[in-house]
Amino acid sequence: MAQKNPNLITLSSGEAFQPFRYSVGLYGSRFFAELKDNKRLMGVRCPGCRRVHVPPRPVCGPCYKRMEEWVEVGPLGTIATFTILRFAFIDPETGQKKPVPYGYGLIRLDGADTNFQHFLELPKDGKVAIGMRVRPVFEESRRGNLRDIKHFEIIED
Amino acid sequence: MAKRVAIVGSGQTNHMGSRPDVTGVELIHEAVAKALESAGLTRDDIDGVVIGNMDHFEGINGVELWSIDGNGGFMKPTIKLTTGGTTGSTLAIGGYHLVASGHFDRLLVIGWEKNSESDTTGAITTAFDPVWDRMVFAGAISGLALEATAYSQKYGVTGKDAARVVVRDRGNAVKNPHAHVRKEITVEEVLRSPMISDPLHFWDMCPRTDGACAVIFASEDVAEKISPKPAWVWATANRHLYSMAGDVEFGSLRSLELAAAEVYQKTGIKEPLKEIDVMELYTPYSYAGLSWIEALGLARPGEGAKLLWDGATDMGGELPINPSGGVISTNPIGATGLIRAAECALQISGQAGERQVPDVKVALSTGFGGCYWSDILMYGAKKP
Ligand SMILES: [Zn+2]
């Protein structure tokens, strides 16, 4: 096998560190400010298709129309689909292996027409299904980013 | 009026999980040399080169300049196309359009990847939105798992049904000398393999492969002089939906439904199951082999599994799918969609060896990637 040939040399890239600074835009900034200060989740409604988009963004892709009508959504929602990650991979945010297992789902927040991606707390009985109701669990001290929500937990409804 | 375009040659490397015996440039050259040989052409006959891989997988961004020694593009027009998972099929569609435009007569199109040299899941994750998607997203596997959960709950499809797709594709791969994983597998072996992202087991997923594929597209002015049986491109279509995963409607592949409707309309196909002789589909995991043939109109929604169990898509069935072994057997990502095009052309030219489907007149290939985006090409033995 080629892999075992001792005459073949490979080169490693070294301990690279390359930070990025991403703008979240005016709409994203307002979403995170509401989340941080008021634990409120906000979306925007399209004047064309009337769909409420979460996360909020200035333009509805399908209609290509400017959106300016802000709407509060959630905080309760429904699991639209989900998975449970069981393999560890390098998290490009941290450069570290991601702790597994973890649940994550697409959550249809009440009043929204798109889904919101976040961690799902796995219940003790292991039962997760599409259609289950969930609520966000907020961090005590919030910094204005997606991690101000720890995860969503499944509730009786 | 656009020129008619045909595929007149192709070359593939020996695809493997790891190819430390060659650099990326050397890997590219391996496929290019075979493609030129298959068409009886030399580098001097080529008017231009189009090349692509999955951006930033290998940590080399300017692939067209870095690989110029191996890709044959020295002092020729050289263009890079990179669209994520769809890169290979975008290369084929782009190659078709560049030749149809009349600006090129003999165009060399190359897709490649050395997945062994990076963390593909980490790299795919960086293709998704840094603010809203990346925190939870775990590359292709997690995204496909979301789709599998939605599709299986919607129609009551089981892991056993999905495993039937793997059994077919891996069974076909045994007869393809280019395939990476060449070992038959049973439904039970798929279901017994470790769960990696519910409901997907290890063997529900495609492998990571080192490999390259090169395809030569020629205009109608020269195609029949180069090849006695060129594979004519009849139509192409592609659809992009959203860029954020939360916007996708899971449970069916809408981009593929729309692209399929377009190519069938362009080519007058009414009953794809009857009228198409072979398909090479970019189905990177088991459930896609059920859901996406529904999107292609081969079965009604939720009835893809029945078609599989009936054997209609096996070799010798009504419409063989993935005679090459498909993506579940071989996946050098930037080449994967282009391999589908190369395999369809081989089938039409009657050069597919042990994996040949008899008397292929119409073939179809797809590409998949991005945020649930789809590409389709249709080919025929007859000039369109
Ligand atoms: Zn709209």
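Buried means under 20% relative accessible area, exposed means over 50%, and partly exposed lies in between, with a 1.4 Å probe and protein chains only. By that rule B:Arg134, with a relative accessible area of 7%, is buried.

The views below show a predicted model, in which local features need pLDDT of at least 70 and side-chain atom pairs count only at pLDDT 80 or more, while totals for chains, interfaces and linings use all residues. Residues are numbered from 1 along each chain as its sequence is written, chains are lettered from A and ligands numbered from 1 in the order in which they are written, and side-chain values use heavy atoms, with hydrogens and water left out.

**View 1. The interface between chain A and chain B.** Contact means heavy atoms within 4.5 Å; on this basis 39 residues of chain A are in contact with 37 residues of chain B. About 3300 Å² is buried between the two chains, and carbon and sulfur atoms give 65% of this area. Buried area is the accessible area (1.4 Å probe) that two parts lose on being put together, summed over both. A:Phe87, A:Tyr104 and A:Gln117 supply 16% of what chain A buries against chain B, more than any other three residues.

**View 2. The side of chain A that touches chain B.** There are 15 residue pairs in polar contact between chain A and chain B, both residues being at pLDDT 80 or more. A polar contact is a pair of N or O atoms within 3.5 Å; within protein, one must be able to donate a hydrogen and the other to accept it, and residues adjacent in sequence count only if both atoms are side-chain atoms. Helix H1 (25–38) and strands S6 (77–85), S7 (102–109) and S8 (116–120) of chain A each supply at least two residues of this side. Helices (H or I, at least four residues) and strands (E, at least two) are DSSP runs, numbered from the N terminus. S6(A) gives the largest share, five residues. By class, the side has 24 nonpolar, nine polar and six charged residues. Here Ala, Val, Leu, Ile, Met, Phe, Trp, Tyr, Cys and Pro count as nonpolar, Asp, Glu, Lys and Arg as charged, and the others, Gly among them, as polar.

**View 3. B:Arg134 and its partners.** B:Arg134 is in the loop between helix H5 (120–125) and helix H6 (139–155) of chain B. Its side chain meets that of A:Glu93 in a salt bridge (3.4 Å, N to O). A salt bridge is a side-chain nitrogen of Lys or Arg within 4 Å of a carboxyl oxygen of Asp or Glu. A polar atom of the B:Arg134 side chain also lies 3.1 Å from the backbone oxygen of B:Thr126. Leaving aside neighbours within four places in sequence, the contacts of B:Arg134 include A:Tyr22, A:Lys98, B:Phe128 and B:Asp129.

**View 4. A second salt bridge between the chains.** The count between chain A and chain B is three salt bridges. One pair is B:Asp198 and A:Arg86, whose side chains meet at 2.6 Å, N to O. B:Asp198 lies in the loop between strand S5 (195–197) and strand S6 (200–201) of chain B, and A:Arg86 in the loop between S6 and S7 of chain A, so the pair joins two chains. B:Asp198 counts as buried at 15% relative accessibility, whereas A:Arg86 is partly exposed at 38%.

**View 5. Salt bridges within a chain.** Over all chains, the whole structure has 28 salt bridges. In chain A, the side chains of A:Arg50 and A:Glu69 meet at 3.9 Å, N to O. A:Arg50 is in the loop between strand S1 (41–45) and strand S2 (52–53), and A:Glu69 is in strand S5 (residues 69–73), 19 residues apart. In chain B, the closest N and O atoms of B:Asp221 and B:Lys3 are 2.4 Å apart. This pair ties together parts that are 218 residues apart in sequence.

**View 6. Helix H1 of chain B.** The helix covers residues 24–39, 16 residues in total, and reaches 23 Å from its first C-alpha to its last, close to the 22 Å expected at 1.5 Å a residue. The expected span is 1.5 Å times one less than the number of residues. Among the buried residues of H1(B) are B:Val25, B:Leu27, B:Ile28 and B:Leu36. B:Gly40, whose phi is positive, near 65°, follows the helix.
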